[in-house]
Amino acid sequence: VSIKEEVKVKSKSPNSRVEWGRINVFVRGRPLSKTELTAGAFDSLEIADKNTTFLHEFCASDDYLRMKRLKTRQYQFDHVFNMFDTQRCVYDTTTAPLVESVLNGQNASCFCYGATGTGKTHTMLGSVDDPGIMVLAFQNLFKSIEEDPDTSVTLTYVEIYNEALKDLLNPNGGDLCLRELPGKGVTMNGVKEVSASSAEEVVNLLHKGNKHRKTESTRCNRTSSRSHALLQIKVVRKDENRTLTGKLSLVDLAGSERTIANEKKSSSRSVEGANINKSLLSLSSCIRALVEGKKHIPFRNSKLTQMLKDSLGGMCQTAMIATVTPSSFSLGETANTLHWAERAKMIKLPGARTKHERIIKSHPLASAMLPSLREDKAE
Ligand code: ADP
Ligand code: MG
């Protein structure tokens with residue numbers, strides 16, 4: 001099957017049921033972890049349908065059985081995955097359409113955004129036994145090009161930590177510099193660009209690279225990913241007498257939790273927190289400006305956005321996957337993530353006047369709670 005035919009067949013597959021806009025926003029909730037269950041957490045995330053999720057807040061009570069729902073917030077996205085959705089399902093819905101456009105010479109990007117421990121790395125890289133988007137994208141690519149000698153696939157895998165750029169495929173190589181060359185866009189000076197010919201070979205490379213990511217224990221004693229990992233896959237192929245170049249950027253963002261307030265301001269960890277926030281904030285501003293159709297997009301505000309300049313703007317498609325835990329103990333963090341994701345899409349519910357009133361009135365539980373919510377607002 002030629003690439004073109006393959007792409008056509010794939011476009012018709014039932015997995016491409018999400019209608020693609022320029023920025024599509026997805027949510028993936030993971031199952032409650034053993035630690036969360038042992039600590040007595042319960043599930044505060046309810047997936048109403050493939051587009052809608054509710055976040056329930058419960059009344060504090062000593063008696064588990066008498067827990068009452070206090071507040072319900074509703075959020076709407078292009079697709080909401082439930083905890084049983086497989087890696088393949090997540091890939092097919094969020095990234096397979098991007099791989100198609102990359103094969104057609106366009107640039108595209110997919111991000112995982114969320115607090116530490118919510119499943120960003122699981123979704124992006126996954127494990128050897130249960131590979132995530134990065135690996136499945138390669139499988140898909142190599143299947144599509146079927147050893148076509150006229151197509152080349154190369155990759156770079158870097159980390160952005162404290163606004164410094166490190167090559168995960170060449171960890172002893174020192175910091176990389178970004179250069180913007182006219183006509184060539186932003187390039188990384190001295191980065192190791194590896195040519196790949198099979199998905200198996202790439203898996204080892206990525207897992208080895210990932211071991212070099214900067215992780216540190218935070219005060220709350222969790223091993224936390226404090227860096228952004230960026231995999232860029234470049235596909236160059238000849239189509240009749242044209243050369244098509246497409247690039248797919250896959251980003252495992254640093255934990256989005258707010259660190260600065262909890263850390264001593266003078267510590268280096270607080271500087272780190274500020275930088276992470278700078279990158280994430282800058283990413284938000286760029287997405288916002290793109291969604292609003294602004295002329296000036298502030299790509300230059302951080303390394304991350306500078307590097308994604310040619311993969312976010314213009315005709316590029318972007319998938320944003322917000323990862324969350326359903327734990328009732330992480331309600332604030334989950335609400336932050338969902339709110340961020342919602343803003344990335346700027347979906348506004350018709351008739352929703354305030355955040356509190358974003359409630360489906362036809363939902364029996366939600367409507368039962370309306371009076372208590374109104375009281376809440378009046379306070
Ligand atoms: P993050 O990269 O956001 O810090 P991880 O991807 O490391 O989080 O996930 C934290 C833990 O939760 C890991 O042990 C991972 O295997 C598990 N996990 C995450 N998402 C899922 C999921 N959808 N299904 C099952 N386990 C998951
Ligand atoms: Mg991680």
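This is a predicted model: local features need pLDDT of at least 70, side-chain atom pairs count only at pLDDT 80 or more; totals for chains, interfaces and linings use all residues.
Local features need pLDDT of at least 70, side-chain atom pairs count only at pLDDT 80 or more, and totals for chains, interfaces and linings use all residues. Residues are numbered from 1 along each chain as its sequence is written, chains are lettered from A and ligands numbered from 1 in the order in which they are written, and side-chain values use heavy atoms, with hydrogens and water left out.

**View 1. The packing of helices α6 and α7.** Helix α6 (residues 133–145) packs against helix α7 (residues 199–211) at an angle of about 160°, and their axes are 9 Å apart. The two helices are therefore roughly antiparallel (angles over 145 degrees). In the contact (heavy atoms within 4.5 Å), α6 contributes M134, V135, F138, Q139 and F142, while α7 contributes A199, V202, V203 and L206. Eight of these residues are nonpolar, one is polar and none is charged.

**View 2. The crossing of helices α3 and α6.** The axes of α3 (residues 87–94) and α6 come within 10 Å and cross at roughly 65°. These helices are therefore roughly perpendicular (65 to 115 degrees). Residues Q87, R88, V90, Y91 and T94 of α3 meet I133, L136, A137, Q139 and N140 of α6. This contact has five nonpolar, four polar and one charged residue.

**View 3. The surroundings of ligand 1.** The residues around ligand 1 (a heavy atom within 4 Å) include R28, R30, P31, K120, T121 and H122. An oxygen atom of ligand 1 lies 2.8 Å from a side-chain N or O atom of T121. A backbone N or O atom of H122 is 2.7 Å from an oxygen atom of the ligand.

Methods. Axes are lines fitted to C-alpha atoms, for helices over the stretch in contact, and angles run from 0 to 180 degrees between N-to-C directions. Helices (H or I, at least four residues) and strands (E, at least two) are DSSP runs, numbered from the N terminus. Angles under 35 degrees count as roughly parallel, over 145 as roughly antiparallel, 65 to 115 as roughly perpendicular and the rest as oblique. Ala, Val, Leu, Ile, Met, Phe, Trp, Tyr, Cys and Pro count as nonpolar, Asp, Glu, Lys and Arg as charged, and the others, Gly among them, as polar. A polar contact is a pair of N or O atoms within 3.5 Å; within protein, one must be able to donate a hydrogen and the other to accept it, and residues adjacent in sequence count only if both atoms are side-chain atoms.
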